[in-house]
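This report describes salt bridges, helix packing, aromatic pairs and sheet geometry in turn. Please read it alongside the sequence and the coordinates.

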Amino acid sequence: MAAATPRWRDRKAKKSPRKTSAIRSSQAREPIEGQSASKLLPGLYIVSTPIGNAGDITLRALDVLRTADMVICEDTRVTRKLLAIHGIRARLETYSDHNAPRVRPRVIDRLSRGAAIALVSDAGTPLISDPGHKLVVAALDKEIPVTAVPGVTSAVTALTVSGLPAGQVLFVGFLPSRRPARRRRLSELVIAPATLVVFESARRLPTMLADMAEILGNRKAAVARELTKLFEDVKRGDLAELAAAFASEGAPKGEVVVIVGPPHESTAADAQVDKLLVAALREMPPSRAVAEVAKKTGVARGQVYARALLLRSGR
């Protein structure tokens, strides 16, 4: 996920007594000025950090990061910058996909001996397309307490500004980078009755949107980037429009979140497609039948494929 890039810095607070909060975590308290923070209970704390604007961190997250025995992170430079903005000094250690097999046993050993350790990613909520899953599993296997300190995630942030239905949502994460595998995965998602949340690199965005338009059908969608930052940008339209726009403009900078609306409800056109499919499937293999019906009707091949799957399932 994109690195946290603060767009403002805290001004020095005036020296006045800090008011204590009426709502406190049972495991971490906001320290009163002039007093040391309360000791955290032992365990692993999964701490969400901002995805862009440094002000989006929660008071509870600051307390945990301030009082933890150690903070493990993807990139110490990124996390140290965030902590410095909020006046926090902490012992940092890198934890990434590359060094996790070596670092994880040491972390589990410290947790087993009663340490309180915070896990953060470069931006957003750890484990959401970031390292950490195996560490959580290892901690739970040792009956070590694991506590979430929730906050920002780009998936939900993009969904809320997309203008697309949020009643049923399927988080897809990153699709396969190679196009054949990506298209196969999209074919599996055609009949999912939900709004899709997809992460993608800027470089692959134009071709991915084109594949989506062809396979999923021309659904409503939104492409969000630089969320919560100064140049936040959300483009909305149907998949074909967005694919054409980004093919013309070129790939944007940074990572993006793509929100794709759910499948269209059945129409009279579906009935016509079903009728042609039933006849075609009697005479030819499914792949050829789908191609023939898509050609005759002008309906996206992905949509025809979805109708074929529904027919085969008896729905």
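## A buried aspartate and its partner

D211 is buried, with a relative accessible area of 0%; buried denotes under 20% relative accessible area, exposed over 50%, and partly exposed the range in between, for a 1.4 Å probe and protein chains only. The model is a predicted one, in which local features require pLDDT of at least 70 and side-chain atom pairs count only at pLDDT 80 or more, while totals for chains, interfaces and linings use all residues. Residues are numbered from 1 along each chain as its sequence is written, and side-chain values use heavy atoms, with hydrogens and water left out.

The side chain of D211 meets that of R179 in a salt bridge, at 2.7 Å from N to O. The term requires a side-chain nitrogen of Lys or Arg within 4 Å of a carboxyl oxygen of Asp or Glu. This pair links distant parts of the chain, since R179 belongs to helix α6 (residues 179–189) and D211 to helix α7 (residues 205–216), 32 residues apart. Helices (H or I, at least four residues) and strands (E, at least two) are DSSP runs numbered from the N terminus. In contrast to the buried D211, R179 is partly exposed, with a relative accessible area of 40%.

## Further salt bridges

The structure holds 14 salt bridges. A network of them links R179, R182, R183, D211 and E214.

R185 is partly exposed at 30% relative accessibility, whereas E188 is exposed at 53%. Another salt bridge joins R225 to D233, with the closest N and O atoms 3.8 Å apart; R225 is partly exposed, with a relative accessible area of 22%.

## The buried side of helix α5

Which residues of helix α5 (residues 154–162) are buried? They are S154, A155, A158, L159 and S162. They lie on the same side of α5 because they cover an arc of only 130 degrees around the axis, the arc being that of the directions from the helix axis to the C-beta atoms.

Contact here means heavy atoms within 4.5 Å. Following α5 is G163, which has a positive phi near 80 degrees.

## Aromatic pairs

There are two aromatic pairs. Rings of Phe, Tyr and Trp (its six-membered ring) pair if their centres lie within 6.5 Å; planes under 30 degrees apart count as stacked, over 60 as edge-to-face and the rest as tilted. F171 and F199 form an edge-to-face pair, with 5.3 Å between centres and 75 degrees between the planes. F171 lies in strand β6 and F199 in strand β7, so this pair ties together parts that are 28 residues apart in sequence. F171 is partly exposed, with a relative accessible area of 36%, while F199 is buried at 3%.

F174 and F199 also form an edge-to-face pair, at 5.6 Å centre to centre and 65 degrees between the planes. Because F174 lies in β6 and F199 in β7, the pair connects parts that are 25 residues apart in sequence. F174 is partly exposed, at a relative accessible area of 35%. F171, F174 and F199 form one aromatic cluster.

## A parallel sheet and its helices

Five strands build an open sheet in the order β3-β2-β4-β1-β5, with parallel pairing; two strands pair if DSSP finds at least two bridges between them. Its edge strands are β3 (92–94) and β5, each of which pairs on one side only. Neighbouring strands are turned by 25 degrees against each other on average, direction ignored. Axes are lines fitted to C-alpha atoms, for helices over the stretch in contact, and angles run from 0 to 180 degrees between N-to-C directions.

Strands β2 (residues 70–73) and β4 (residues 116–119) run parallel and are joined by three bridges. In this pairing V71 stands opposite A118 in β4. Helix α1 (residues 59–67) packs on the sheet, where it touches β1 (43–47), β2, β4 and β5, and its direction makes about 135 degrees with that of β5. Helix α4 lies across β1, β2, β4 and β5, and runs at about 150 degrees to β1.
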